[in-house]
Amino acid sequence: THTLTLASIVVELRRAGDGLGGGGNWQGAFANRNTLGPNAALACLAALGIGVRLCLDLGRDGGFRHLPRSWRFPAAPVGVAVVVAIGVDLVVLWQAASATALVALAVGIAAMCLAASVRAIARRGASTTRVVSIGAVSAGGLLAVGIALFARGAEFMGRSTTLTGRRGLWEYLIESTSDDRLRGVGYASYW
């Protein structure tokens, strides 16, 4: 995914040099921005996961604990590469302006934080019931905060809260499926 992100930057720089880009959102090496955005979000989550794992494996000598002592090397260059990868992915994600990918990145980061917290609680010897309860309450809290901040986030990104008119379609979908739940309404009936 990082290779595709870097290729997309090269494509966009080439377009700007030819006078073809610059006016709209980036689509990079993909057909549209809604394909570039999720790729950049996934690459960012992967780099973030690698960074977290590296931090957990860092030994007192500045090397990685999981490697044999003869193979150890300083963790700093790897850490710098991870930070640069996250930065590049965030720039590409922002330039693509794919709201769905930004939301997916936020959800992915929240899920990673929740999983790390639950894992830390479980390692301290908490019961399964307590761990599951804390995880469920935390997930519910994150969902409530996300819903509460949705309008502000949409405004910040210059988007409408109707999700480009999709909310009206979804409301109609919910209403019409209740009319005939068994047979439905047919493929592509809403577009």
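These legends walk through several views of a predicted protein model.

Residues are counted from 1 along each chain as its sequence is written. Because the model is predicted, local features need pLDDT of at least 70 and side-chain atom pairs count only at pLDDT 80 or more, while totals for chains, interfaces and linings use all residues.

View 1. The protein chain has six helices and zero strands, where helices (H or I, at least four residues) and strands (E, at least two) are DSSP runs numbered from the N terminus. Along the sequence, the pattern reads α-α-α-α-α-α. Of the 191 residues in the protein chain, 22% are buried; buried means under 20% relative accessible area, exposed over 50%, and partly exposed in between (1.4 Å probe, protein chains only).

**View 2. Here is helix α5, from residue 128 to residue 156.** Its 29 residues reach 40 Å from the first C-alpha to the last, close to the 42 Å expected at 1.5 Å a residue; the expected span is 1.5 Å times one less than the number of residues. Look for Phe150, where α5 bends by about 50 degrees. That bend is the angle between axes fitted to the seven residues ending there and the seven starting there. Just past the end of α5, you can find Gly158 with a positive phi of about 75 degrees.

**View 3. Part of α5 faces a neighbour, α4.** Val131, Gly135 and Ala154 are the buried residues of α5. These buried residues pack against α4 (99-123), with contact meaning heavy atoms within 4.5 Å.

View 4. Helices α2 (33-57), α4, α5 and α6 (166-177) each supply at least two lining residues.

**View 5. Ala97 sits in the loop between α3 (76-96) and α4.** Ala97 has a positive phi of about 55 degrees although it is not a glycine. With a relative accessible area of 21%, Ala97 is partly exposed.

Definitions and conventions. Heavy atoms only, no water.
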